[in-house]
Amino acid sequence: MASKSRRQFLVSLGALSAAPAVLAAKTTPSLQQLSADVLIIGGGTAGTITAIQAGRLGARTILVESGSQLGGTTTTAGVDYPGLFHAWTKQVIAGIGWELVTKTVELNGDKLPDFSQQTAKQHSRHQVRVCGPLYAALAEEACLKAGVQLRYYEFPTGIEAVADGWKVRLAGKGTQIEVVAKQLVDCTGNAAVVGMIGLPRRREAVIQPGTLIYRLTGYDRERVDVSALEAKAKEAIKTGALLRTDMNGGVRGFLGSGGHNNMHVMGADSSTSALHTDANIRGRQAVLRIIRFFKSQPGFEKLRIERLMAETGIRETYRIVGEAMITLDDYVAGRVYPDAICYAFYPIDLHDEHGVRPEPLKEGIVPTIPFGALIPKGSCNLMVAGRCLSSDRLANSALRVQAPCMAMGQAAGVTATLAVRQSTTPSKVSLTEIRRTLAEHGAIVPSPSASGLK
Ligand SMILES: Cc1cc2nc3c(=O)[nH]c(=O)nc-3n(C[C@H](O)[C@H](O)[C@H](O)COP(=O)(O)OP(=O)(O)OC[C@H]3O[C@@H](n4cnc5c(N)ncnc54)[C@H](O)[C@@H]3O)c2cc1C
């Protein structure tokens, strides 16, 4: 389009003024008032599913996401291999998360893993590889179809309890909004909303490292002198050109994957913008160190970046103090809580400065998640879903993975909506009704009499 006609076109859309450009006067955005039945903060792995479920049940739903797309760690941090939906070859998590994952696989012409093969010790074989950007697009489409109002680039700046719900102040680019909502669901991964309200949260003095996911290509693994390269890497670590945590699996680990999640960013934290900025900067600095190191080695002259995510993925920050808490003992014993709302299945998976050594569950064990672990202790009209559920640190190292986060998200969407319908708080909603509604929407719900899948 020629520049003159393009300007006329934009003027006709109202995107440009017909008058010549002038310096704009200082503007303060006016306060927009909104109301919702269910307000979800955080459109990541769990929050997206919460919103779709609440919307499908007819709740007036608003989903606030501080980033530019849905999916959170699954998409923006590039952990695009959600797991685990299957345990001991049987499906234990389904519902809306599974629906989106399988749609993504199908539309991209990819393949699901073979779930009939037992993989207790090689759990990664049952994670489903998805195209992250496509997952984000399909999740967005599902939200819109369910009538969910999406609000990207916004975040809460103030939260106040009011009669029958909450008044939440949001800020964003050129916007100031006040939402009055009946139910609030914290899906920020950091229990940020719970913290703003002033309810207790727990965290460790030393948290698990984060990872900036990337992949480098352009070298021939077979033609590399691995021993020589290892010696060079050791030297580089001594001089500070590389950090030991830049390549947890060492040179061999790097060569096998081209990077992937081989790097650890120690202390990476997303609970404030300043901390997340620092984690992103340190992740990118690590990638630069790695590229510069390999580029200077023979055989890596054509090294190039194939993939580099926009955010350092965060494994651990705050967890809530809930009405119930999942302990390591309960998790590894596969306790079926009387108020179980979904299953979870993953090895204990605590990363530290030395890497990670997953500890698989014993054969036949399938842990469950109790409803009480999603309810901040002493709260009203408030739930959480996702990695910040109430759990001890080791149990959380397994519960934080994506399939259980999605299942929790769906349970929170059902419960929040039923609480609105019944003008009550989530802890007073009938468990039978929650379970029935979840099952009607495709979720797999543990039966209270079940004892794992033994
Ligand atoms: C490197 C790495 C590897 C992993 N490997 C696996 C694996 O192999 N398999 C697996 O299943 N899981 C894996 N996990 C774990 C899993 O991906 C996460 O624990 C899970 O995705 C967390 O989901 P969530 O919904 O709690 O949080 P997130 O998906 O992080 O979503 C939180 C969302 O809230 C938004 N948000 C935060 N604060 C605010 C705010 N104040 N206002 C508005 N929005 C806000 C964020 O932008 C984000 O979109 C891994 C994690 C990492 C980091």
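**Exercise 1. In which loop is the place of Trp88?**

Solution. The structure is a predicted model. In this model, Trp88 lies in the loop between β3 and β4, the latter spanning residues 90-91. The next step is to examine its backbone. Phi of Trp88 is near 50°, a positive value in a residue other than glycine. For comparison, most residues other than glycine have a negative phi.

**Exercise 2. Determine which residues the cis peptide bond joins, and locate Leu84.**

Solution. The cis peptide bond links Gly83 to Leu84. Its omega angle is about -15°. Leu84 itself belongs to the loop between β2 and β3, where β3 covers residues 86-87.

**Exercise 3. Describe the surroundings of the ligand.**

Solution. Begin with the count: the ligand is surrounded by 38 residues. The closest are Gly42, Gly44, Gly72, Gly313 and Gly386. Next, consider the elements involved. Two or more residues of the shell come from each of α2 (45-56), β2 (61-65) and α11 (402-421). Of the elements, α2 contributes the most, with three residues. Finally, sort the shell by class: it holds 13 nonpolar, 21 polar and four charged residues.

**Exercise 4. How are α2 and α4 oriented to each other, parallel or perpendicular?**

Solution. Two packed helices are described by the angle between their axes and the distance between the axes. Take the distance first: the axes of α2 and α4, the latter formed by residues 132-145, come within 8 Å. Then take the angle, which is roughly 25°. Angles under 35 degrees count as roughly parallel. The helices α2 and α4 are therefore roughly parallel to each other. Their crossing is left-handed.

The last step is to identify the residues that meet. From α2 come Thr48, Ala51, Ile52 and Gly55, and from α4 come Ala139, Ala142 and Cys143. By class, this contact comprises five nonpolar and two polar residues, with no charged residues.

**Exercise 5. State the strand order of the open three-stranded sheet, and find the bridge partner of Arg215 in β11.**

Solution. The order of the open sheet is β11-β10-β12, and the pairing is antiparallel. The edge strands are β11 (259-260) and β12 (304-308), each of which pairs on one side only. Now examine β10, formed by residues 214-217: two bridges join this strand to β11, and the two strands run antiparallel. Within this pairing, Arg215 has Gly259 of β11 as its bridge partner.

Conventions:
Residues numbered from 1 in each chain as written. Predicted model: local features only at pLDDT ≥ 70, side-chain atom pairs only at ≥ 80, totals over all residues. Near = placed C-beta within 6 Å. Helix = DSSP H or I, 4+ residues; strand = E, 2+ residues; numbered from the N terminus. Nonpolar A, V, L, I, M, F, W, Y, C, P; charged D, E, K, R; others polar. Axes fitted to C-alpha atoms, helices over the stretch in contact; angles between N-to-C directions. Parallel < 35°, antiparallel > 145°, perpendicular 65-115°, else oblique. Left-handed = near helix turned anticlockwise from the far one by under 90°. Contact = placed C-beta atoms within 7 Å. Pairing = 2+ DSSP bridges.
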